2 protein chains.
Amino acid sequence: MTTTAGGAARHNALSIGEVARQTGLSVHTLRWFEREGLYLRPIPRAGQRRVFDSADVAWLLLCNRLRASGMPIAEIRRFAALVQAGPGNEAERLALLEAHEQEVRKRVTMLMECLDIIHGKVDVYRRHLAAGTADRLWAPPFADVGADAARQPTP
Amino acid sequence: MTTTAGGAARHNALSIGEVARQTGLSVHTLRWFEREGLYLRPIPRAGQRRVFDSADVAWLLLCNRLRASGMPIAEIRRFAALVQAGPGNEAERLALLEAHEQEVRKRVTMLMECLDIIHGKVDVYRRHLAAGTADRLWAPPFADVGADAARQPTP
DNA sequence: GTAGGTTCTAGAGTCTGCTCTAGGTCAAGC
DNA sequence: GCTTGACCTAGAGCAGACTCTAGAACCTAC
C-alpha cells in the first residue's frame with residue numbers, strides 16, 4: 001500500500017469488465033472517467049480495447065474513497081493531471097490532499113452537530129409517543145381559528 | 001426548542017426577504033420550497049405576498065440541518081406531508097427521523113474510514129517530501145520503456 | 001409623481017455526476 | 001457460418017437541487 005517501487009505492471013492485463021467487477025464502478029463509468037481525464041495515465045489499447053492493470057484498479061479504489069468523501073470530479077482530475085505531469089509537483093499534490101482532508105474533517109464535525117439536533121427530535125417523538133401525548137406535537141388544521149395557540153415552534 | 005405549546009404565532013409576520021436573511025436561504029429557494037411542498041403549512045398571503053412567521057423559520061432551520069446531513073428533498077417533503085396530515089401519524093414521523101439518523105451515523109463512519117485512507121496518503125507525501133524522495137512517488141512518462149519498473153501501486 | 005426596492009408568477013436554464021442508446025467491431029464456441 | 005457476449009465511439013438523456021429570467025405589481029421615500 002505504500003510507495004516502494006516494483007509492483008504491479010504489464011503482465012496484469014485487465015479488461016474493462018474485470019476492472020468494473022473489482023472496483024464496483026460500471027463499465028460506462030470507467031469509460032466516462034477516461035473522457036473526463038481521471039486516470040493517472042492514458043489507458044493503453046489492444047486493438048480498440050482498453051487494457052487496464054492493477055495499478056489502475058488501485059487508483060480507482062482510491063478514487064472511490066475520494067468521491068465517497070465528497071471530492072468533486074474536477075479536483076480528482078486536477079490531482080490526476082498533477083501526477084501525469086510527472087515528478088516535481090509533489091508539494092502541490094500534498095496540498096490538494098491536505099485540503100481535502102480538512103474538508104472531510106469539517107464535514108464530519110458538521111454531521112455530528114446535525115446528528116445532535118436530529119437525535120433530539122427523535123427523542124422528543126419517542127418520549128411523546130411513549131407518554132401518549134404525541135398528538136400534541138403538532139396540530140393542524142392551519143385555518144385561522146382565532147387565537148394563536150395552535151402552532152408550536154418545531155415539529 | 002422542545003414541544004411545549006403556546007409560542008410563536010401570527011404577530012410575528014415576516015417577509016420572504018426577512019426569512020431569507022434569518023435562514024441563509026435565498027428568496028428564490030424559499031419560493032421553490034413552496035412549489036415543492038416543503039412547508040408545514042400553506043404559507044398565507046397578504047395580498048400576493050407571503051407572510052411567514054417564526055415557526056416557519058424554525059422549521060427552515062431544521063430543514064437546513066436535514067439537508068446538510070444529506071436528506072433528499074423528497075424525504076423532507078414526505079415528512080412535511082405527514083405533519084400537514086395532522087395528528088395520528090407520529091410513529092411514521094419518528095420512523096422517518098430514526099431512519100435518517102441511522103443513515104447519518106453510517107455516513108459518519110464511512111467518512112472516518114475515508115479519512116484514515118486519505119490521511120495515510122497525506123502522511124506518505126509528507127514523509128517523502130521531508131526526505132527529499134518525493135520524486136519516487138510516481139514517475140511518468142508512461143511510454144513503454146521496456147521493463148515494467150516504472151509503475152507504483154498507488155500515487 | 002416618480003425612482004428604488006421588494007415582491008410576485010411561470011417557466012427556462014444550470015451544474016454535477018452519472019447512465020443509457022444507437023450502431024457497430026471482434027473473438028470464441030457450436 | 002452464425003450466434004452470443006464483451007467491447008467500442010459519440011452523443012443524448014436524466015435526476016437532483018437549485019438559480020435565474022422576464023415581465024409585472026406594489027410600497028415607501030423624496
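This is a predicted model: local features need pLDDT of at least 70, side-chain atom pairs count only at pLDDT 80 or more; totals for chains, interfaces and linings use all residues.

1. Residues are numbered from 1 along each chain as its sequence is written, chains are lettered from A and ligands numbered from 1 in the order in which they are written, and side-chain values use heavy atoms, with hydrogens and water left out.

2. DNA strand D is surrounded by 16 residues, the closest being A:Ser15, A:Arg31, A:Arg45, A:Arg50 and B:Arg67, where a residue is near a strand if one of its heavy atoms lies within 4 Å of it. Of the atoms of DNA strand D that come within 4 Å of the protein, 64% belong to sugar and phosphate. By class, the surface near DNA strand D has 4 nonpolar, 5 polar and 7 charged residues (Ala, Val, Leu, Ile, Met, Phe, Trp, Tyr, Cys and Pro count as nonpolar, Asp, Glu, Lys and Arg as charged, and the others, Gly among them, as polar).

3. Helix 2 of chain B gives the most to the surface near DNA strand D, with 3 residues; helices (H or I, at least four residues) and strands (E, at least two) are DSSP runs, numbered from the N terminus.

4. DNA strand C likewise has 16 residues around it, and the closest are A:Arg67, B:Gly17, B:Arg31, B:Arg45 and B:Arg50. A phosphate oxygen of DNA strand C is 2.8 Å from an N or O atom in the side chain of B:Arg31, and for B:Arg50 the corresponding distance to a phosphate oxygen is 2.7 Å. A base oxygen of DNA strand C lies 3.0 Å from a polar side-chain atom of B:Arg49. Here helix 2 of chain A gives the most to the surface, with 3 residues.

5. Over all chains, 9 aromatic pairs are found, a pair being rings of Phe, Tyr and Trp (its six-membered ring) whose centres lie within 6.5 Å, with planes under 30 degrees apart counted as stacked, over 60 as edge-to-face and the rest as tilted. The rings of B:Trp59 and B:Phe79 have centres 5.9 Å apart and planes at 20 degrees, so this pair is stacked. Because B:Trp59 lies in helix 3 and B:Phe79 in helix 4 of chain B, the pair ties together parts that are 20 residues apart in sequence. B:Trp59 is buried at a relative accessible area of 1%, and B:Phe79 is buried at 2% (buried means under 20% relative accessible area, exposed over 50%, partly exposed in between, with a 1.4 Å probe and protein chains only).

6. A:Val108, placed in helix 5 of chain A, is buried at 7% relative accessibility. Leaving aside neighbours within four places in sequence, A:Val108 is in contact with B:Val108, B:Leu111, B:Met112 and B:Leu115, contact meaning heavy atoms within 4.5 Å.

7. Helix 5 of chain B has 42 residues and reaches 61 Å from its first C-alpha to its last, close to the 62 Å expected, the expected span being 1.5 Å times one less than the number of residues. Just after this helix, B:Gly132 takes a positive phi of about 75 degrees.

Note on methods: A polar contact is a pair of N or O atoms within 3.5 Å; within protein, one must be able to donate a hydrogen and the other to accept it, and residues adjacent in sequence count only if both atoms are side-chain atoms.
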